[in-house]
Amino acid sequence: MKVFVVLACLPASCLAKKPRPCASPPLMSGEFILSTQNENFWIYSRYLYDALDQRTRVLDFATIDNKTVTTDVLILNKEGVIYEINDRRKTCKKIPLKEDFEPIAVSSDASLLGQFFLGSSSGAREGLLVNTWIGELSTGGAYLNTVTALGCIPVSLVTQTEQYGWIMVNFFNNVIGIPDPSLLSPPSFCKDAKVMSNKEPVDFFSLFLHKK
């Protein structure tokens, strides 16, 4: 009887496990929409993400102050450069990068705000169970990070920054893996590109804002 009681408690104990900070899969692709609070600035983007080699490809359609721009960038953190690629014209700019690689993850010092269903919890496949975390950025400001309870797949990220106000990113159509890994290497017409010595190092956001 004692053995039966112990075994009967196991499922309940598993369900009661508190969510822990986690890292998203190291190889992912998908789409996101990004918008900022104090800029007339939003982006629709397709992305490829490689945390193993710290490479990210972002293909954007953006509206900045009612001006539409398209940008294709390959961010290589280990090399400290961003390739701005124009595939149609077969041209390439190589720009110094000033920011470190930030993996898609829930920081180990984040606090769990709660576990929720997106959609409905009434029936199977009517909702998605997610964990929402809160924390402080190392650069100042707060963030709210929501990931799936199973798999740690990104759902949304809201960050508070001094320069841009609140930044909101909503992820969708995420896929584990990268269908075409060659897209995470510079195209052949970029091989002779030189780092622009007259260009100040940039981060992801300033790359777009300089187009205003």
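1. K78 is exposed, with a relative accessible area of 56%. Here buried means under 20% relative accessible area, exposed over 50%, and partly exposed in between (1.4 Å probe, protein chains only). K78 forms a salt bridge with D53, the closest N and O atoms being 3.8 Å apart. A salt bridge is a side-chain nitrogen of Lys or Arg within 4 Å of a carboxyl oxygen of Asp or Glu. The pair links distant parts of the chain: D53 sits in the loop between β2 and β3 (55–64), K78 in the loop between β4 (67–76) and β5 (81–86), 25 residues apart. D53 is partly exposed, at 39%.

2. A word on the model and the numbering. This is a predicted model, where local features need pLDDT of at least 70, side-chain atom pairs count only at pLDDT 80 or more, and totals for chains, interfaces and linings use all residues. Residues are numbered from 1 along each chain as its sequence is written, and side-chain values use heavy atoms, with hydrogens and water left out. Helices (H or I, at least four residues) and strands (E, at least two) are DSSP runs, numbered from the N terminus.

3. How many salt bridges does the structure hold? There are 5. One of them joins D50 to R55, with the closest N and O atoms 2.8 Å apart. D50 is buried, with a relative accessible area of 2%. R55 is buried as well, at 19%.

4. Another salt bridge is R57 with D72, the closest N and O atoms being 2.7 Å apart. R57 lies in strand β3 and D72 in strand β4, so the pair ties together parts that are 15 residues apart in sequence. R57 counts as buried at 6% relative accessibility. D72 counts as buried at 11%. Elsewhere, salt bridges that share partners join D50, D53, R55 and K78 into one network.

5. On to the disulfides: the structure holds 2. A disulfide is a covalent bond between the sulfur atoms of two cysteines. The cut-off used here is a pair of cysteine sulfur atoms within 2.5 Å. With bonded cysteines counted along the chain, the pattern is 1-3, 2-4.

6. C22 and C152 form a disulfide, their sulfur atoms 2.0 Å apart. C22 lies in the loop between α1 (2–15) and β1 (27–36) and C152 in the loop between β9 and β10 (154–161), so the pair ties together parts that are 130 residues apart in sequence. The torsion about the S-S bond of C22 and C152 is about 75°, so this disulfide is right-handed. Are these cysteines buried or partly exposed? C22 is partly exposed, at 23% relative accessibility. C152 is buried, at 4%.

7. The other disulfide joins C92 to C190, S to S 2.2 Å. C92 lies in strand β6 (residues 91–96) and C190 in the loop between β11 (165–176) and α2 (204–209), so the pair ties together parts that are 98 residues apart in sequence. The torsion about the S-S bond of C92 and C190 is about 105°, so the disulfide is right-handed. C92 and C190 are both buried.

8. Next, the aromatic rings. Rings of Phe, Tyr and Trp (its six-membered ring) pair if their centres lie within 6.5 Å; planes under 30 degrees apart count as stacked, over 60 as edge-to-face and the rest as tilted. By this rule the count comes to 5 aromatic pairs. Among them, the rings of Y44 and F172 have centres 6.4 Å apart and planes at 25°, so the pair is stacked. Y44 is in strand β2 (residues 41–50) and F172 in strand β11, 128 residues apart. Y44 is partly exposed, at 26%. F172 is partly exposed too, at 28%. F32, Y47 and F171 form one aromatic cluster.

9. Strand β9 (residues 142–148) holds L144. N145 is also found in strand β9. L144 is partly exposed, with a relative accessible area of 31%. N145 is buried, at 8%. A polar atom of the N145 side chain lies 3.1 Å from the backbone oxygen of A105.

10. Two C-alpha separations involve A51. E102 and A51 are 51 residues apart in sequence and 8.7 Å apart in space, C-alpha to C-alpha. E102 is exposed, at 63% relative accessibility. M28 and A51 are 23 residues apart along the chain, with their C-alpha atoms separated by 8.8 Å. M28 is in strand β1 and counts as buried at 0% relative accessibility.

Technical notes: A polar contact is a pair of N or O atoms within 3.5 Å; within protein, one must be able to donate a hydrogen and the other to accept it, and residues adjacent in sequence count only if both atoms are side-chain atoms.
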